[in-house]
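Good morning, and thank you for making the time. I would like to take you through one structure, with its strands, its cores and its disulfides in turn.

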Amino acid sequence: QSCPQNTEVGETQAVLVGEITDAGGDPNLESWFQYGQNQSYGYETPRQSKSGTGLFCSTVYNLEPCATYYYRAAARNSAGVSYGENKTFTTQCLAVGADLKANNSDGPITLNYRDYVNLSWTSTNAISCQASGDWSGSKSTSGSETIQLNAVKTYTFTILCRNTSGIQTKSDSVQV
């Protein structure tokens with residue numbers, strides 16, 4: 001099996017990479033990883049046969065997105081069991097999506113003075129949204145709002161939605 005040089009992390013899976021640097025005189029090894037969301041690990045990968053030194057890897061699935069995991073490599077031969085240093089990785093956060101429409105259009109749309117515009121929005125993987133431009137305030141992660149156009153001008157409505165970590169955001173704008 002060919003392993004990447006370093007641990008590779010996705011949203012719900014990771015390829016853990018370890019290295020055996022010294023077989024301690026017995027090249028017939030069994031290698032595996034311990035991993036979990038705290039330093040007592042809680043999970044182990046299936047054990048693999050390994051001959052001699054070098055990299056080994058194992059893919060773990062069903063991880064939580066946007067979460068930190070602890071892991072360490074382990075190996076055993078006739079000399080006993082050896083554990084690698086404790087390491088961490090953080091899974092990628094699910095991408096945040098935001099979609100804002102004016103009268104069900106991505107715009108730009110043209111309306112008359114004193115007309116009403118219906119703004120509607122949806123988001124994915126977001127816990128909060130914020131309005132800016134020609135409207136403001138905290139918004140739920142999906143909804144609609146009707147606004148009267150009380151000036152003759154180009155209005156820009158923007159919504160910015162963010163995930164639980166607040167690091168990932170997505171915004172969308174519409175012009176009226």
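Predicted model: local features only at pLDDT ≥ 70, side-chain atom pairs only at ≥ 80, totals over all residues.

Helices (H or I, at least four residues) and strands (E, at least two) are DSSP runs, numbered from the N terminus. Residues are numbered from 1 along each chain as its sequence is written, and side-chain values use heavy atoms, with hydrogens and water left out.

Is Ile147 buried or exposed? Ile147 counts as buried, because its relative accessibility is 16%; buried means under 20% relative accessible area, exposed over 50%, and partly exposed in between, with a 1.4 Å probe and protein chains only. Leaving aside neighbours within four places in sequence, Ile147 is in contact with Asp115, Tyr116, Val117, Leu119, Trp135 and Phe157, where contact means heavy atoms within 4.5 Å. By contrast, Ile147 and Phe89 are 58 residues apart in sequence and 46 Å apart in space, C-alpha to C-alpha.

Which strands accompany E14 in its sheet? Three strands form an open sheet in the order E10-E11-E14, and the pairing is antiparallel. Two strands pair if DSSP finds at least two bridges between them. E10 and E14 stand at the edges with a single partner strand each, so one side of each has no neighbour in the sheet. On average, and with direction ignored, neighbouring strands of this sheet are turned by 20° against each other; axes are lines fitted to C-alpha atoms, for helices over the stretch in contact, and angles run from 0 to 180 degrees between N-to-C directions. Six bridges connect E10 and E11 in the antiparallel sense, and Lys101 stands opposite Ser120 in E11.

I turn now to the nonpolar cores. In soluble globular proteins, nonpolar side chains tend to be buried together. A nonpolar core here is a set of buried Ala, Val, Leu, Ile, Met, Phe, Trp, Tyr and Cys residues joined through side-chain atoms within 4.5 Å. The largest has 20 residues, and those with the most contacts inside it are Leu100, Val117, Leu119, Trp135, Phe157 and Val176. At least two residues of this core come from each of strands E10 (97–102), E11 (116–124), E12 (128–133) and E15 (156–162). Again setting aside neighbours within four places in sequence, the contacts of Val117 include Ala102, Ile109, Leu111, Ile147, Leu149, Phe157 and Val176. A second, separate core of 16 residues includes Ala14, Tyr35, Phe56 and Ala73.

Phe56 leads us to another sheet. In E6, Phe56 is the bridge partner of Gly18. Strand E2 (residues 14–20) and E6 run antiparallel and are joined by seven bridges. Both belong to an open sheet of three strands with the order E1-E2-E6 and antiparallel pairing. Its edge strands, E1 (8–9) and E6 (54–60), each pair on one side only. Elsewhere, a hairpin joins E7 to E8 through two residues.

How many disulfides does the structure hold? There are three, a disulfide being a pair of cysteine sulfur atoms within 2.5 Å.

The Cys3 to Cys57 disulfide has an S to S distance of 2.1 Å. Its S-S torsion is about -85°, so this disulfide is left-handed. Cys3 lies in the segment before E1 and Cys57 in strand E6, so the pair ties together parts that are 54 residues apart in sequence.

In the disulfide of Cys66 and Cys93, the sulfur atoms are 1.9 Å apart. The torsion about this S-S bond is about 75°, so the disulfide is right-handed. Cys66 is partly exposed at 27% relative accessibility, whereas Cys93 is buried at 18%.

Cys129 and Cys161 form a disulfide with sulfur atoms 2.1 Å apart. The torsion is about 105°, so the Cys129 and Cys161 disulfide is right-handed. It ties strand E12 to strand E15, parts that are 32 residues apart in sequence, and both cysteines are buried.

Finally, with the bonded cysteines numbered in sequence order, the pairing is 1-2, 3-4, 5-6.
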